[in-house]
Amino acid sequence: MFNLPNILTMIRVALIPVFVILFYWPTPRSNLMAAVVFIIAALTDLLDGFLARKLHKTTKFGAFLDPVADKIMVCVALVLIVEFYSVHVSEFFPHMNLLVSIPAMIIIAREITVSALREWMAELGKRAMVAVSWVGKWKTTIQLISIAGLIWRMDEVIIYCSLGMLMVATVLTIWSMIMYLKVGFANMREGNR
């Protein structure tokens, strides 16, 4: 259970409260520090998966905790940026808060839906049919970069580029969810025969 990939995953979980504290810390550089912690957490996600496969250290504990840690980190970050851009909407263009809130709702709803689908498919012994696709990988990468930029908010260019990337990530989120649901619905029809 306590191998290097799992330790990295546990570090990612431990970084969540650090990230939240830094996000709210009332200092000029707290947003940069929170973004750095978020990026470190995202990099541990890439590293732990790579090491688990490379070192043949995959475990049931890691298979459970890794996706949970990812989803908690992303959902917490989305809630925080929704709050920030809702409170500070007057500093940006009107409805900026909606352009952050709506993608956040879609992303969180997709994570819940796909997690439930994967759990159900695992019960059928068909978990591999809903493995992460290339669309899901691109979605995750673009989503993490956009969230990091919206946390950092160094200047308006970073904020608006990150917002644009969040829109792209949202489209990929919907696309990947539809791909997974097609597989799920096909299996539901098979069960009715």
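Which residues lie nearest the centre of the largest pocket? In this predicted model, they are Asp45, Arg53, Asp66, Asp70 and Val132, which belong to a lining of 43 residues. The pocket holds about 1300 Å³ of space, and five helices, H1 to H5, each supply at least two residues of its lining. The points below treat this pocket and then the packing of H3 against H4, H2 and H1.

**The largest pocket**

- The helices that each give at least two lining residues are H1 (4–24), H2 (30–54), H3 (60–87), H4 (96–123) and H5 (134–152).
- H2 makes the greatest contribution to the lining, with 12 residues.
- Sorted by class, the lining comprises 19 nonpolar, 14 charged and 10 polar residues.

**H3 against H4**

- The axes of H3 and H4 lie 9 Å apart and form an angle of about 160°.
- Because of that angle, H3 runs roughly antiparallel to H4.
- The crossing of H3 with H4 is left-handed.
- On the H3 side, the contact is made by Lys71, Val74, Cys75, Leu78, Ile81, Val82, Tyr85 and Ser86.
- On the H4 side, these residues are met by Met96, Asn97, Val100, Ser101, Ala104, Ile107, Ile108, Glu111, Ser115 and Arg118.
- The residues of the contact of H3 with H4 comprise 11 nonpolar, four polar and three charged.

**H2 against H3**

- H2 packs on H3 at an angle of about 160°, and their axes are 11 Å apart.
- The angle therefore places H2 roughly antiparallel to H3.
- H2 and H3 cross in a left-handed manner.
- From H2, the residues in contact are Val37, Phe38, Ala41, Asp45 and Asp48, and their partners in H3 are Asp66, Asp70, Met73 and Ala77.
- This contact of H2 with H3 contains five nonpolar and four charged residues, with no polar ones.
- Asp45, Asp66 and Asp70 take part in this contact and are also among the residues nearest the centre of the largest pocket.

**H1 against H3**

- Between H1 and H3 the packing angle is about 15°, with 9 Å between the axes.
- H1 and H3 are therefore roughly parallel to each other.
- The crossing of H1 with H3 is left-handed.
- By class, the residues of the contact of H1 with H3 are 17 nonpolar, four charged and three polar.

**Drawing the topics together**

- H3 packs against H4 at about 160°, against H2 at about 160° and against H1 at about 15°.

How values were computed:
Residues are numbered from 1 along each chain as its sequence is written. This is a predicted model: local features need pLDDT of at least 70, side-chain atom pairs count only at pLDDT 80 or more; totals for chains, interfaces and linings use all residues. Side-chain values use heavy atoms; hydrogens and water are left out. On a 1 Å grid over the protein atoms alone, a cavity is a set of points where a 1.4 Å probe fits but cannot get out, and a pocket is an open set with protein on both sides within 12 Å along at least five of seven lines; lining residues have an atom within 4 Å of a point. Grid points are joined across faces, edges and corners, and a volume is the space filled by probe spheres set on the points. Helices (H or I, at least four residues) and strands (E, at least two) are DSSP runs, numbered from the N terminus. Ala, Val, Leu, Ile, Met, Phe, Trp, Tyr, Cys and Pro count as nonpolar, Asp, Glu, Lys and Arg as charged, and the others, Gly among them, as polar. Axes are lines fitted to C-alpha atoms, for helices over the stretch in contact, and angles run from 0 to 180 degrees between N-to-C directions. Angles under 35 degrees count as roughly parallel, over 145 as roughly antiparallel, 65 to 115 as roughly perpendicular and the rest as oblique. A crossing is left-handed if the near helix is turned anticlockwise from the far one by less than a right angle, and right-handed if clockwise. Contact means heavy atoms within 4.5 Å.
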